[in-house]
Amino acid sequence: MLKALVVDDASFVRDLVKRTVRQRFPVIETTDAQNGRRAQSLMSRTAFDLILCDWEMPEMSGLELLQWMRQQPQYENVPFIMITSRGDKDHVIEAVKGGVSEYLGKPFSPEGLSKKIIKVMGRKLKDAMDLSGKSMASPADAFKESANLLTRKPEAAAEVSAESPPSSPRPEPLAPTRPTSARTPMSLASVRFAESTLKSVVKDINLTEVRVIAKRDQVFPGILDQAVVDIEIADGQMARLNGYVHQLQAVDKRQDTDFVSVTIRFVDEDPKKLEDLSRFVARFRAGMR
């Protein structure tokens with residue numbers, strides 16, 4: 001069996017990556033770590049054939065782990081895929097200089113992740129799959145398929161909710177929806193999915209989820225789809241918050257409504273991100289008064 005290490009501070013993302021690897025490449029055994037420091041400890045005791053790692057994590061970042069790894073003789077040539085919401089050119093260049101094998105932006109599709117793994121592992125993966133009698137052809141992703149069945153990739157109609165993962169904290173109730181007044185400043189949010197981006201306005205937000213309103217004429221996600229919410233928390237400072245689609249709901253009780261409410265449940269456990277989010281929530285609440 002080949003061995004892969006999945007490193008991310010968000011348990012939801014770790015589970016998603018492991019599920020994709022397990023379904024697509026049954027010859028790869030996965031282990032996970034919640035930050036670079038824990039990964040470093042595991043890598044010192046076990047030889048891994050592939051590292052799949054987030055960038056922003058507490059204690060030790062993905063870049064720091066990559067730089068340490070390339071200094072270890074046994075990991076000098078082991079593939080390292082950086083999976084992160086930080087896709088700007090400067091960060092890509094920094095990762096390349098650090099010795100990254102491939103770079104995958106969040107949110108990602110199972111197929112997108114699979115292609116990166118095939119690319120960096122090459123013959124080693126193909127030989128292992130051939131020996132086990134498994135095909136390299138891409139099967140339907142069961143997790144994605146179940147989400148699509150549940151939502152039918154909605155055109156924004158009735159409300160559909162997803163049960164929270166058992167480990168998710170219970171969110172505080174969101175404030176009731178009310179019309180936007182001229183005195184209430186609008187906070188814009190860009191919500192990125194694997195194959196589309198939703199332009200929206202923040203209607204309410206707390207430390208566990210955000211509710212945004214978007215025009216119906218855009219491409220909407222399915223329940224449980226990965227999401228990255230980009231919010232400007234200060235002048236020129238963007239917060240990139242990882243999450244998943246928890247709820248889709250028509251704003252009006254009419255089938256021809258022009259607006260759709262989308263609730264994104266956050267999955268980040270990075271203290272720095274939570275601190276930034278807390279300050280933004282405080283300012284947002286103050287502006288609603």
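**Strand pairing and some buried sites**

Biologist: What does alanine 250 stand opposite in S12?

Modeller: Alanine 250 stands opposite valine 260 in S12. Bear in mind that this is a predicted model.

Biologist: Which strand pairs with S12 there, and over how many bridges?

Modeller: That is strand S11, residues 237–250. S11 and S12 pair in the antiparallel sense over seven bridges.

Biologist: And how does strand S9 run relative to S12, parallel or antiparallel?

Modeller: Antiparallel, with seven bridges joining S9 (residues 209–215) to S12. In that pairing, valine 210 stands opposite isoleucine 264.

Biologist: Why do you call S12 largely enclosed?

Modeller: Because seven of the eight residues of S12, which covers 259–266, are buried. The rest of the structure encloses most of the strand.

Biologist: Change of topic. What does UniProt place at Asp54?

Modeller: An unreviewed UniProt entry gives "modified residue: 4-aspartylphosphate" at Asp54.

Biologist: Where does aspartate 54 lie?

Modeller: Aspartate 54 is in the loop between strand S3 (50–53) and helix H3 (62–69).

Biologist: Is aspartate 54 buried or exposed?

Modeller: Buried, because its relative accessibility is 3% and the cut-off for buried is under 20%.

Biologist: Which residues is aspartate 54 in contact with, leaving aside its neighbours within four places in sequence?

Modeller: With those neighbours set aside, aspartate 54 is in contact with Val7, Asp8, Asp9, Gly62, Met82, Ile83, Thr84 and Lys106.

Biologist: Now aspartate 230. Which strand is it in?

Modeller: Aspartate 230 is in strand S10, residues 226–234. Its relative accessible area is 11%, so aspartate 230 counts as buried.

Biologist: What does the side chain of aspartate 230 make a polar contact with?

Modeller: With the side chain of arginine 192, at 2.7 Å. Leaving aside neighbours within four places in sequence, the residues in contact with aspartate 230 also include Leu188, Ala189, Ser190, Met238, Ala239 and Arg240.

Biologist: Buried or exposed, for serine 196?

Modeller: Serine 196 is buried, with a relative accessible area of 19%. The cut-off is under 20%, so that value falls on the buried side.

Biologist: What is serine 196 in contact with, beyond its neighbours within four places in sequence?

Modeller: Serine 196 is in contact with Val191 and Val219, with those neighbours left aside.

Technical notes: Residues numbered from 1 in each chain as written. Predicted model: local features only at pLDDT ≥ 70, side-chain atom pairs only at ≥ 80, totals over all residues. Heavy atoms only, no water. UniProt positions renumbered as here; feature names shortened; annotations may be inferred. Helix = DSSP H or I, 4+ residues; strand = E, 2+ residues; numbered from the N terminus. Buried < 20%, exposed > 50% of the residue type's maximum accessible area, 1.4 Å probe, protein only. Contact = heavy atoms within 4.5 Å. Polar contact = N/O pair within 3.5 Å; in protein donor to acceptor, adjacent residues only side chain to side chain. Pairing = 2+ DSSP bridges.
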